[in-house]
Amino acid sequence: MQEGVASIGQEPRPILGEVVAVAGPNLRVRLARGAPGGVQSAPMIGNAIIAPTSEGDSIALVYAIGRSDDGAEDVVLEAQLIGEIVPVADAAGRAFRRGVSRYPSIGALVSPAGNDAIELAFGAQGRVGVRLGALRINRAIPAMLDLDRLVGQHFAVLGSTGTGKSCTT
């Protein structure tokens with residue numbers, strides 16, 4: 001199996017394919033062909049992928065998989081960028097940041113997101129939170145709601161008379 005470029009502070013990952021188009025928050029990736037008749041490590045809708053940028057690694061969620069429009073037998077996937085993992089000067093050495101400041105370039109090698117990247121993007125990261133369940137893309141990682149970030153900004157409690165709005169706050 002081919003190995004990809006290393007994520008920040010991480011071991012190399014298998015290559016899924018390469019970026020062939022970037023349009024706003026969306027990536028189009030042509031998957032690498034593995035053994036005859038198949039694609040290696042084919043992702044599914046909802047999986048997270050990583051594409052390197054000049055600042056770190058961008059993370060995207062796959063929302064479509066199909067054949068290319070040009071009549072070739074290539075398999076392509078479409079994914080929406082959700083954020084990036086960037087180096088920071090604290091003990092962790094890296095952090096997830098929503099949004100993207102640098103986009104992957106055409107030809108950038110795409111890899112599946114490992115548990116470490118998924119946990120950085122969706123985990124509580126030592127913050128106070130409420131566990132809502134587990135992530136669909138990896139049931140071992142808890143889905144957390146960061147209460148400080150939720151109520152630290154504009155927040156509204158809406159409901160009809162008698163639904164417990166005052167008791168909630």
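A salt bridge (a side-chain nitrogen of Lys or Arg within 4 Å of a carboxyl oxygen of Asp or Glu) joins the side chains of Arg 102 and Glu 55, with an N to O distance of 3.6 Å. This pair links distant parts of the chain, 47 residues apart: Arg 102 sits in the loop between β6 (94–98) and β7, and Glu 55 in the loop between β3 and β4. Strands (E, at least two residues) and helices (H or I, at least four) are DSSP runs numbered from the N terminus. Arg 102 is partly exposed at 40% relative accessibility, and Glu 55 is partly exposed at 35%; here buried means under 20% relative accessible area, exposed over 50%, and partly exposed in between (1.4 Å probe, protein chains only).

The model is predicted, so local features need pLDDT of at least 70 and side-chain atom pairs count only at pLDDT 80 or more, while totals for chains, interfaces and linings use all residues. Residues are numbered from 1 along each chain as its sequence is written, and side-chain values use heavy atoms, with hydrogens and water left out.

Five salt bridges are found in the whole structure. Another of them brings Glu 78 and Arg 28 together at 2.4 Å, N to O. Glu 78 belongs to strand β5 and Arg 28 to strand β2, so this pair ties together parts that are 50 residues apart in sequence. Glu 18 and Arg 30 also meet in a salt bridge, at 2.6 Å, N to O. With Glu 18 in strand β1 (residues 17–23) and Arg 30 in strand β2, the parts tied together are 12 residues apart in sequence.

As for the overall fold, the protein chain holds three helices and nine strands, in the order β-β-β-β-β-β-β-α-β-β-α-α along the sequence. Of its 169 residues, 33% are buried. Contacts (heavy atoms within 4.5 Å) between residues at least 6 apart in sequence join residues at least 24 apart in 46% of cases.

Ser 58, in strand β4, is buried at 1% relative accessibility. A polar atom of the Ser 58 side chain lies 2.8 Å from the backbone oxygen of Ala 51. Pro 112, in strand β7 (residues 109–112), is partly exposed at 26%. The C-alpha atoms of Pro 112 and Ile 49 are 4.4 Å apart, although 63 residues separate the two along the chain.

On the outside, a nonpolar patch is formed by Val 130, Leu 132, Leu 145, Leu 147, Leu 150, Val 151, Phe 155 and Val 157, with about 620 Å² of accessible area together. Patches of this kind join nonpolar side chains (Val, Leu, Ile, Met, Phe, Trp, Tyr) within 5 Å, from residues with over 30% relative accessible area and no salt bridge; like charges are joined within 9 Å. Accessible areas come from the Shrake-Rupley method with a 1.4 Å probe, and for residues only the protein chains shown count as cover. Helix α2 (147–151) and strand β8 (129–134) each supply at least two patch residues.

Methods. A polar contact is a pair of N or O atoms within 3.5 Å; within protein, one must be able to donate a hydrogen and the other to accept it, and residues adjacent in sequence count only if both atoms are side-chain atoms.
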